[in-house]
Each structure stands twice: as C-alpha cells, then as structure tokens.
Amino acid sequence: MPEGDALHRAAARLQPLVGERIEAGSPNPQGEATGVARAIDGRVLERVEAVGKHLLLEFEGGVVLRSHLRMSGRWRVGPRTAAGRGRPWLVLRGGRFEATQWNGPVLALERRAVRRLGPDLLADGTDVALVVSRVRRADQRRLVGEALVDQRLVAGIGNMWLAEALWEAKVSPWAAVGAVSDEELAHALGWARDAMRAAVLAPGGPRAVYRRAGRPCRRCGTAVVSRGLGDANRTAYWCPACQPDRVSR
Ligand SMILES: [Zn+2]
C-alpha cells in the first residue's frame with residue numbers, strides 16, 4: 001500500500017528530474033481532464049517532497065502538483081523513451097529521465113503552500129528574546145514540552161535538544177507555557193541554540209536526561225523519568241527533582 005515510506009521513496013526516485021525543464025503530457029483522458037499537464041508543461045521542476053500521504057511537486061512560478069496515490073496510484077521513473085507504453089495519467093520528461101504517473105487517482109494543482117515556520121533558532125539573525133516573545137503570544141496553556149518543538153513557533157528544536165534544554169533551565173516539560181518565566185524560556189532557548197551550534201561541529205556529546213530514563217540525574221542523582229507527551233506522543237525525559245511539576249501562575 002503506497003503510504004508514507006513509499007511516497008518518500010517515490011520522492012527520492014523523482015530527484016533526477018529536479019532542476020529540469022519538464023515536457024508534460026497526459027496520454028490518459030482522465031489525466032488530461034485534470035488540466036495538470038497543460039499547467040506544468042515547459043516549467044522547471046524545483047522541488048519534490050513527500051508530505052504525509054501526498055507527493056508535492058513544486059514547479060517554477062509557484063505551481064504545485066499534489067499527488068495522492070490512495071491504494072492504486074503509482075509513480076515510475078526511468079530513462080526517457082521516445083514512445084511511451086500504456087496510458088499513464090501524466091508523463092514528465094526531462095533531458096534523460098522520465099516519470100510516469102499511473103492510475104491517479106488524485107492529481108491536483110495548488111498554489112505553493114506558504115511555509116509557516118517560525119524563526120530558525122540556529123540562524124545568525126535570530127534573537128532569543130524575539131523567540132521568547134513569539135512563544136509568549138501563543139497559547140499559554142500548552143505544555144512547554146510541546147510548544148518548543150512546534151516548528152511554527154520556533155524552527156530547529158527536536159526532541160533531544162528539548163529534553164536537554166529544559167533540564168538545563170530546570171523547567172518541567174509538563175509545565176504550561178504560562179507557568180514558565182521569560183528568563184527560563186530564554187535560558188532554555190539560548191542553551192539549545194548554543195548546544196546545537198556546538199553539535200554541528202562536534203556531534204554526540206554527553207546527555208543529561210535524553211534516553212537516560214532510570215539512570216541518575218547528573219545534577220542531583222534522582223532517577224530520570226520518561227513518558228509520552230503531547231499530540232505527537234514524543235517521549236519526554238526529565239528529572240522529577242530538578243524539574244518539578246508547577247502550577248500555572
Ligand atoms: Zn536532578
């Protein structure tokens with residue numbers, strides 16, 4: 001069944017066509033009826049990515065082709081041939097390769113999705129105080145362990161750095177954002193930024209709590225605990241003594 005991983009493989013196979021000006025056609029009438037081939041013919045393919053259960057092909061001019069394969073659809077990629085076989089919904093020909101899409105069942109055009117990412121914590125121009133104020137404007141009832149990995153608020157922090165940064169700042173991942181001070185948020189975010197920058201050069205340093213459940217906290221010796229947190233059910237790691245529960249202010 002063509003789900004997430006199959007879409008990622010399809011996206012990988014399509015990469016040789018990225019950067020090429022595409023000749024598009026639709027031998028299949030159902031494919032022709034979507035109007036996709038006419039809209040993308042002659043445009044440069046700028047990017048292919050799998051997002052959830054969709055394959056997104058971004059063409060120059062902000063035209064995005066969305067392909068959902070459901071149970072029956074397939075993408076094939078191979079050397080460019082003079083005469084194609086069968087009646088694919090869509091043929092994309094580059095200089096040396098061609099991609100064919102079979103059986104739809106969903107091929108649709110949309111405008112380029114606006115990338116709603118928050119400021120990149122690792123970018124030189126990103127000020128931690130600005131990120132703190134952005135977090136402050138969001139829902140203050142959310143758990144801090146969820147808010148700081150929400151890439152729409154601040155981009156760049158993953159589960160490991162979140163766990164380590166909250167331990168550094170002595171903030172429980174289960175605290176509501178509203179129960180955490182600006183200073184504590186700045187401490188956690190600033191530490192995460194510095195640690196991630198250092199890790200770019202020298203990855204794999206020691207961890208305080210991440211994946212250390214049951215082992216002693218490096219600061220106080222209490223056993224580190226872990227539990228799934230938030231909608232995505234990421235595993236949170238924390239020291240219950242250094243990072244105690246707190247009530248909202
Ligand atoms: Zn501790």
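Here's a quick look at one helix face and some of the salt bridges in this structure. The model is a predicted one. The salt bridge count comes to 13, and a few of those pairs are picked out below.

**Helix H4 and what covers it**
- Helix H4 spans residues 128–137, and its buried residues are Val 128, Val 131, Val 132 and Val 135.
- Those four sit on the same side of H4, because they cover an arc of only 105 degrees around the axis.
- Helix H7 (182–201) is included in what covers the buried residues of H4.

- Asp 182 pairs up with Arg 136 in a salt bridge, with the closest N and O atoms 2.8 Å apart.
- Since Asp 182 is in helix H7 and Arg 136 is in helix H4, this pair ties together parts that are 46 residues apart in sequence.
- Asp 182 is partly exposed at 38% relative accessible area, and Arg 136 is partly exposed too, at 24%.
- Glu 184 forms a salt bridge with Arg 246, where the closest N and O atoms are 3.0 Å apart.
- Glu 184 belongs to helix H7 and Arg 246 to the segment after strand S10 (234–238), so the link is between parts 62 residues apart in sequence.
- Arg 246 counts as partly exposed, at 26% relative accessibility.

**Strands S2 and S3**
- Arg 47 and Glu 58 meet through their side chains in a salt bridge (3.8 Å, N to O).
- Arg 47 lies in strand S2 (residues 45–51) and Glu 58 in strand S3 (residues 54–59), so the pair ties together parts eleven residues apart in sequence.
- Glu 58 counts as buried at 7% relative accessibility, whereas Arg 47 is partly exposed at 35%.

Key. Residues numbered from 1 in each chain as written. Predicted model: local features only at pLDDT ≥ 70, side-chain atom pairs only at ≥ 80, totals over all residues. Heavy atoms only, no water. Buried < 20%, exposed > 50% of the residue type's maximum accessible area, 1.4 Å probe, protein only. Helix = DSSP H or I, 4+ residues; strand = E, 2+ residues; numbered from the N terminus. Arc of directions from axis to C-beta. Contact = heavy atoms within 4.5 Å. Salt bridge = Lys/Arg side-chain N within 4 Å of Asp/Glu carboxyl O.
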